[in-house]
Amino acid sequence: MGNKLDIDFVVSTGDNFYGNGIKGVNDPAFLESFSNIYTAKSLQKQWYSDTTPFINDYYKDSKHTYDWRGVSPRHIYLKNLLKDFKAALVKSNARWKIVVGHHAIRSIGHHGDTPELVKHLIPILKANNVDIYMNGHDHCLQHICSKDSPLQYLTSGAGSKAWRGDVKESHSDYVKFFYDGQGFMSVQMTEIDAKFAFYNVYGENIHHWKVSKSRSMHSSA
């Protein structure tokens, strides 16, 4: 599929290292869970990974040990992070604004909405005309649209551990698509069009749509 889609880069929205995580840059988990997995020639492109530090449970977790150097005290770190995030969006005059994180803001999957992100991020995203928020975390494929803005929430976390059978019955925003199985998402963009597609594990297109913008809109390279 990488060859067919002629990809330029890969955005990894999911967890790559389960269990106890990694201990350092030479941890064999890099080979076992990443390098030896994504071996196709078409995937030997730039990869981008992201997460979010906003989730309270990680700071309360007594079962695992985390390295919080550089992010403590937490309330000051988060305040500065939100300030920088907002400033970057305000400064940007890009035609398309896409934000990527690990945790879902809106979801009808196993984990559901993330209260911290609903509280902190949605007001900033909507105020700055962000088009798309992409995430992983929930092991499914989802397409949810905001009822009061053009913002769309896309979940692509179906690389493994799918088929949970745990789906919320309703949601405050518009649920356009939900798939509980394994799969992935592709995005193809031009100056005026953005085409999105969800694929199952067999490479079959199971949901797709297009978002367009007027040529008269101001944009920047």
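Predicted model: local features only at pLDDT ≥ 70, side-chain atom pairs only at ≥ 80, totals over all residues.
Residues are numbered from 1 along each chain as its sequence is written, and side-chain values use heavy atoms, with hydrogens and water left out.

Next I looked up strand S5, residues 141-145, taking helices (H or I, at least four residues) and strands (E, at least two) as DSSP runs numbered from the N terminus. I found 5 of its 5 residues buried, where buried means under 20% relative accessible area, exposed over 50% and partly exposed in between, with a 1.4 Å probe and protein chains only. Leu141, His143 and Cys145 point one way from S5, whereas Gln142 and Ile144 point the other way. In a regular strand the side chains alternate between the two faces of the sheet.

I then asked which strands are joined to S5 by bridges. Strand S6 (residues 152-156) runs antiparallel to S5 with 5 bridges, and strand S7 (residues 174-179) is likewise antiparallel to S5 and joined to it by 5 bridges; two strands pair if DSSP finds at least two bridges between them. Gln142 stands opposite Thr155 in S6, and its bridge partner in S7 is Phe178. S5 and S6 form a hairpin with 6 residues between them.

I turned to aromatic pairs, and a search of the whole structure gave 9; rings of Phe, Tyr and Trp (its six-membered ring) pair if their centres lie within 6.5 Å, and planes under 30 degrees apart count as stacked, over 60 as edge-to-face and the rest as tilted. The rings of Phe34 and Trp47 have centres 5.0 Å apart and planes at 75°, so I recorded the pair as edge-to-face. Phe34 is in helix H2 (residues 29-35) and Trp47 in strand S2 (residues 46-49), 13 residues apart. Phe177 and Phe198 form a stacked pair, 5.7 Å centre to centre with 25° between the planes. Because Phe177 lies in S7 and Phe198 in strand S9 (residues 193-200), this pair ties together parts that are 21 residues apart in sequence.
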